[in-house]
Amino acid sequence: KETRKSVDRAWSMTTGRPEVVAAVLDSGVKWHDREAMAELSRKFRLNPGEIPPPLGAAAWDADGNGVFNADDYAGDPRVCDLNGNATLDPQDLIRRFSEGTDGDGNGYVDDICGWDLLEDDNDPWDELDHGDGTAECAWSAGDADNGAGVPGTCPDAMLLPVRVGGSFIVDANRF
């Protein structure tokens with residue numbers, strides 16, 4: 001009850017902004033979960049330094065809504081639903097545009113959307129299908145006023161998934 005009161009107070013001031021990025025350090029994201037990706041796919045921050053702008057677009061924000069996300073690639077014929085979850089999501093972009101270089105020079109090769117510190121690769125996929133990281137993403141920045149799911153505490157922020165473990169138990173030395 002106290003948490004809800006705090007969120008209500010915070011929302012009276014702001015629900016966040018897309019420039020705010022919440023890093024979720026957990027078990028990764030269940031990209032294949034249709035329901036979760038229908039709710040969250042547009043909430044993940046993409047790194048424009050690692051992927052080309054959507055085909056035919058003058059800028060990365062192809063739909064002009066002020067947010068660069070997977071939705072901007074909806075009309076791009078180079079991209080499709082590669083993971084079979086019926087939603088264009090960041091893992092589809094990771095699979096399509098990873099080419100083995102560090103395009104933005106930050107030391108992480110193809111860090112298109114987050115990082116997997118457990119396996120030191122560019123796909124923060126919840127390989128054990130644990131689901132805690134996906135739930136944390138929804139609780140942190142799930143959309144509000146869309147008729148689905150539960151709004152996150154900061155629904156207008158973006159998410160950066162970082163896989164640091166496979167379950168609730170994480171070795172802090174790994175990150």
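Is arginine 163 buried or exposed? Arginine 163 counts as buried, at 3% relative accessibility; buried means under 20% relative accessible area, exposed over 50%, and partly exposed in between, with a 1.4 Å probe and protein chains only. The model is predicted, so local features need pLDDT of at least 70 and side-chain atom pairs count only at pLDDT 80 or more, while totals for chains, interfaces and linings use all residues. Residues are numbered from 1 along each chain as its sequence is written, and side-chain values use heavy atoms, with hydrogens and water left out.

The side chain of arginine 163 meets that of glutamate 119 in a salt bridge of 3.4 Å, N to O; the term requires a side-chain nitrogen of Lys or Arg within 4 Å of a carboxyl oxygen of Asp or Glu. This pair links distant parts of the chain, 44 residues apart: arginine 163 is in strand E3 (residues 158-163), and glutamate 119 is in the loop between strand E2 (115-116) and H4. Helices (H or I, at least four residues) and strands (E, at least two) are DSSP runs, numbered from the N terminus. Glutamate 119 is partly exposed, with a relative accessible area of 41%.

The whole structure holds 10 salt bridges. Among them, arginine 78 pairs with aspartate 76, with the closest N and O atoms 2.6 Å apart. Aspartate 76 is buried at 3% relative accessibility, whereas arginine 78 is partly exposed at 24%. Salt bridges also link Arg42, Lys43, Asp71 and Asp143 in a network.

Phe97 is one of the buried residues of H3.

There are 4 aromatic pairs, counted when ring centres of Phe, Tyr or Trp (its six-membered ring) lie within 6.5 Å; planes under 30 degrees apart count as stacked, over 60 as edge-to-face and the rest as tilted. The rings of tyrosine 73 and phenylalanine 97 have centres 5.9 Å apart and planes at 50°, so this pair is tilted. Ring pairs link Phe68, Tyr73 and Phe97 into a cluster.
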